[in-house]
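The sequence and structure come first.

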Amino acid sequence: ELTNPHDDERWGAIIRKVIAANPWEDQAVYLQVTRGVAPRDHAYPRGIRPTVFVSSSPLSTPPEKLVTQGVAAITHADFRWLRCDIKSVSLLANCMLKELAVRQGCAETILIRDGLLTEGSSSNVMVVSGGSVLVPPKSHLMLPGITYDVVLELMEASGVSHKVCAVSEQQLRGANEIWLTSSSKEVLAVTTLDGKPVGHGDAAGRPGPFFRRVHALYQEYKTNVMRA
């Protein structure tokens, strides 16, 4: 219920101005809109102007070593609130869950609620099981990412077998592959989960064939976007 302070043309002008003022070839642009300045109160204040903050930083994407070797992750109960679909600055629970991974030298905490995979503390999660990519559906229990949507579109266009469906904890732990997707992680394979290799047989603990294909599709997509 925040008022949009600008139309698309004005937003574009602001973002281009910030990009032009910074030296980096690839930039991560961050937007934050608050309801505005008002006396402290729980009720929404009326008749105030939203405050807009825009910043830019160098875009940091996974180094080649992480792409080829994958990363480690842990699991934890998803104790966040029930409106995870709202992108807000109220990220305390996400930060607490991310810190659990960092303290164990891992890249992410993968969250489970009522026996089902939701997402990561700062990423979406997809798994490969039964010869298909399984993708948790959008709901109030997860924040749908732009990269999540892009990966789905790429798999649809390229004929990669996939299904948007509930993913059980059992399917997560028994998966052939696990991926993280986000703007900064792009598409990244999880090769160790809770200290155990992901996958089976000789392929365990290494990025799998589905990941390699989709990662290549994503890199091609990025190149085409930059050319455009």
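In this predicted model, Ser121 sits in the loop that runs between S5 and strand S6 (124-129). Strand S5 (residues 116-120) also takes part in the lining of the second largest pocket. A separate topic is the largest cavity, with a volume of about 40 Å³.

**Ser121**
- Ser121 has a relative accessible area of 5% and is therefore buried.
- The side chain of Ser121 makes a polar contact of 2.4 Å with the side chain of Glu108.
- Beyond its neighbours within four places in sequence, Ser121 touches Asn94, Leu97, Lys98, Glu108, Thr109 and Leu111.

**Second largest pocket**
- The second largest pocket holds about 170 Å³ of space.
- Its lining consists of Arg113, Asp114, Leu116, Leu117, Thr118, Pro136, Pro137, Ser139, Leu141, Met142, Ala166 and Val167.
- Strand S5 contributes the most to this lining, with three residues.
- Eight of the lining residues are nonpolar, two are polar and two are charged.

**Largest cavity**
- The structure has one cavity of 30 Å³ or more.
- The largest cavity is lined by Asn176, Glu177, Ile178, Trp179, Ala189, Val190, Thr191, Val198, Arg206, Pro207, Gly208 and Phe211.
- At least two residues of the lining of the largest cavity come from each of strand S9 (177-182) and strand S10 (186-193).
- By class, the lining of the largest cavity comprises seven nonpolar, three polar and two charged residues.

How values were computed
Residues are numbered from 1 along each chain as its sequence is written. This is a predicted model: local features need pLDDT of at least 70, side-chain atom pairs count only at pLDDT 80 or more; totals for chains, interfaces and linings use all residues. Side-chain values use heavy atoms; hydrogens and water are left out. On a 1 Å grid over the protein atoms alone, a cavity is a set of points where a 1.4 Å probe fits but cannot get out, and a pocket is an open set with protein on both sides within 12 Å along at least five of seven lines; lining residues have an atom within 4 Å of a point. Grid points are joined across faces, edges and corners, and a volume is the space filled by probe spheres set on the points. Helices (H or I, at least four residues) and strands (E, at least two) are DSSP runs, numbered from the N terminus. Ala, Val, Leu, Ile, Met, Phe, Trp, Tyr, Cys and Pro count as nonpolar, Asp, Glu, Lys and Arg as charged, and the others, Gly among them, as polar. Buried means under 20% relative accessible area, exposed over 50%, partly exposed in between (1.4 Å probe, protein chains only). A polar contact is a pair of N or O atoms within 3.5 Å; within protein, one must be able to donate a hydrogen and the other to accept it, and residues adjacent in sequence count only if both atoms are side-chain atoms. Contact means heavy atoms within 4.5 Å.
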